[in-house]
Amino acid sequence: MKELLACWAAVIRVKLAEQMAYRSHFALSVLLLVIGDLVVPLVTLLVYRSGASFPGWSLHEALLVQAVFVLAKGIAFPFFFGMIGTTLSQVREGTFDLLLLRPRPAMLMAMLLGFDPEDFGRLLSGAVLFGFALSGVVVPHWTSWLQFALLFIASIAILCAMSLFLSGLLFRWVGSSRVFDIFDAMTGFGMYPGTIFSKTMQNILTYVLPIGLIAFVPASALLGRSGWGSLWALGSAALLMLVGIWYWNRMLKNYTSAGG
Amino acid sequence: MIEVKHLSKTYTTFERGHTLREVVKTLVHRPMKEIRAVDDISFTIEQGEMVAFLGPNGAGKSTTLKMLTGVLHPSAGEVTCLGLVPWKQRRQYVRRVGAVFGQKSQLIWDIPPSDAFYMNKAIYGVPDKEYNETLDELVELLQVGDIMRKPTRQLSLGERMKCEFIMAMLHRPELVFLDEPTIGLDMIAKESIRSFIRRMNERKITFILTTHDLEDVELLAERVMVINHGKIVVDDALSGLRSRLGAKKSVRLTTEQPVPDELPPGLRLLQRSGPLELELEIDTDVLPLKPFISHFNESYGILDMAIEALPIEAVMKQLYTTDHAKEHA
């Protein structure tokens, strides 16, 4: 474990050094990510200012769902989602060979080498939005905070599982950069309170594609809208994570390298 | 150290033509084709050997190497390297193995090599003391002390390749795979890399080399395996490889009189570099050197002459074409 942490720290150090080679690019990327992540909340703000609303949700409550979503991405993207880009380029070029020549689990190496400090910009925008949203709601009880903390871990696990599924696909769909569009299309619904959708859609977003578990369920827990029963999401996230790991390792066997 | 038994690798790929019609057709149906890249090969390699894998493009060299490194799973057969099965015990195995790819860099483009070395140290879990000792020694041997802190993108190809070697040797591997390690390098850089490989090999580190640069083979390898169409067609010492093609030698001549294109049996014109300068291939089994020299001196007047072993390029060319001809017979 100590070796793994040292390995992780060294990779993060090197990745930061890599970013610092082009500081203006780094600063601009972070800024653009912050702006990009704040577009939907700004639209929400405009909707509420115009007198419309998501039924049953105040502006700050709706923004809290979006803040949780951006926060979850702010953690999942730098640590896990880089592996999609790593797989995309390295499998196509055949340089994934080099990753397999490292004495560490291939999945861990793909995650480590995909670590992207730029994505911490999302954490920044998420934190700002989270603070703003919380300023307009009743201060949550500590039990709500505890439920939220547990469900937020589940949310990160679900995003991690998604990155494993998308990255795994790329061993077969070599070079298909559309996997990012698949993610955006799937998770777009997660930015809104689940109750604004029809019952069928809510069930799909909770039990089939667990998009609702990324932000809606944790935010509802923080707002005291759901009880301890919502913690079933922990089991669901753990299961999804296990399936993601199994799937990724299975897809890795499809790796054929490139001509030498 | 390495034992390979009946190793095979088959993979499927799709093929299509280049016309618009064929391109559109592949949107609906892609005809698959099975390729047998490696076909039932067996061999053993002892510790400290320096073996070259040769063969034309697409012969199966790289696929064999990738199976030996544990990157690819074979379709059939057994491999034991350093007492381990590479693709099954990959993590244990690669800890003891190094690799340098002339066309795939392990360095990080925008930052100095020293940062990439540091990352490898952590990934391999090399203790600080061992890392510092090894790094100092490798830097000294390859004379790259002054470039370690320059961004990789600012280094010359030769400097980068030296750093690739450091990257591959930092964890003190017992077995090193080299895939075209001198590709694109100038003579000075090539010599420096070759001398480094020889020094490391003296320490009983096993090297497996694939290359198209036959000078690398002549100057480094003790043993040559020629792979063609997925099969090992030759597994021999370099001298043995030469003798397989008969007692042939290359003769460079400068004569007083022009030599005609029609030559006696045992002689073949390789090239003519001037009206009175030419290079011949002589099969001394058919025409021994003594009668050849006296005949040429009497008929055309020898002004200058150099007799050399047939260049390895000629040996390989003959080997590839013979094998190709057999395949199509």
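At what angle do helix 4 of chain B and helix 6 of chain B pack, and how far apart are their axes? The angle is about 15°, and the axes are 9 Å apart. This is a predicted model, in which local features need pLDDT of at least 70, side-chain atom pairs count only at pLDDT 80 or more, and totals for chains, interfaces and linings use all residues. Residues are numbered from 1 along each chain as its sequence is written, while chains are lettered from A and ligands numbered from 1 in the order in which they are written.

**Chain B as a whole**

- Chain B has eleven helices and 13 strands. Helices (H or I, at least four residues) and strands (E, at least two) are DSSP runs, numbered from the N terminus.
- The C-alpha trace of chain B spans about 70 × 55 × 45 Å along its principal axes.
- Chain B has 329 residues, and 36% of them count as buried. A residue is buried if 20 or more other C-beta atoms lie within 10 Å of its own, exposed if 12 or fewer, and partly exposed in between, with C-beta atoms placed from the backbone.
- Take the contacts in chain B between residues at least 6 apart in sequence: 70% of these join residues at least 24 apart. Two residues are in contact if their C-beta atoms, placed from the backbone, lie within 7 Å.

**Where chain B meets chain A**

- On chain B, 28 residues are in contact with 21 residues of chain A.
- Helix 2 (61-69), helix 3 (90-94) and helix 4 (113-124) of chain B each supply at least two residues of the side that touches chain A.
- Helix 4 of chain B gives the most to this side, with six residues.
- By class, the side of chain B that touches chain A has 13 nonpolar, six polar and nine charged residues. Ala, Val, Leu, Ile, Met, Phe, Trp, Tyr, Cys and Pro count as nonpolar, Asp, Glu, Lys and Arg as charged, and the others, Gly among them, as polar.

**Thr69(B), a residue of helix 2**

- Thr69(B) sits in helix 2 of chain B.
- Thr69(B) counts as buried because it has 24 C-beta neighbours inside 10 Å.
- Leaving aside neighbours within four places in sequence, Thr69(B) is in contact with Leu101(A), Pro86(B), Val97(B), Ala99(B) and Phe177(B).
- Thr69(B) and Gly98(B) are 29 residues apart in sequence, and their C-alpha atoms are 9.0 Å apart in space.

**Helix 4 and helix 6 of chain B**

- These two helices of chain B are therefore roughly parallel to each other. Angles under 35 degrees count as roughly parallel, over 145 as roughly antiparallel, 65 to 115 as roughly perpendicular and the rest as oblique.
- Axes are lines fitted to C-alpha atoms, for helices over the stretch in contact, and angles run from 0 to 180 degrees between N-to-C directions.
- Helix 4 supplies Pro113(B), Ala116(B), Phe117(B) and Asn120(B) to the contact, and helix 6 supplies Cys163(B), Ile166(B) and Met167(B).
- The residues of this contact divide into six nonpolar, one polar and no charged.
- Ile166(B) of helix 6 is buried because it has 25 C-beta neighbours inside 10 Å.
- Not counting residues up to four places away in sequence, Ile166(B) touches Phe117(B), Leu138(B), Val139(B) and Leu142(B).

**A helix pair in chain A**

- The axes of helix 2 (residues 23-37) and helix 7 (residues 120-134) of chain A come within 8 Å and cross at roughly 45°.
- Helix 2 and helix 7 of chain A are therefore oblique to each other.
- Ser29(A), Val30(A), Leu33(A), Val34(A) and Asp37(A) in helix 2 meet Gly121(A), Arg122(A), Leu124(A) and Ser125(A) in helix 7.
- This contact has four nonpolar, three polar and two charged residues.

**Positive phi angles**

- Most residues other than glycine have a negative phi.
- Asp40(B) is not a glycine, yet has a positive phi of about 55°. Asp40(B) is found in strand 2 (residues 32-45) of chain B.
- His229(B) has a positive phi near 50°. His229(B) lies in the loop between strand 8 (223-228) and strand 9 (231-237) of chain B.
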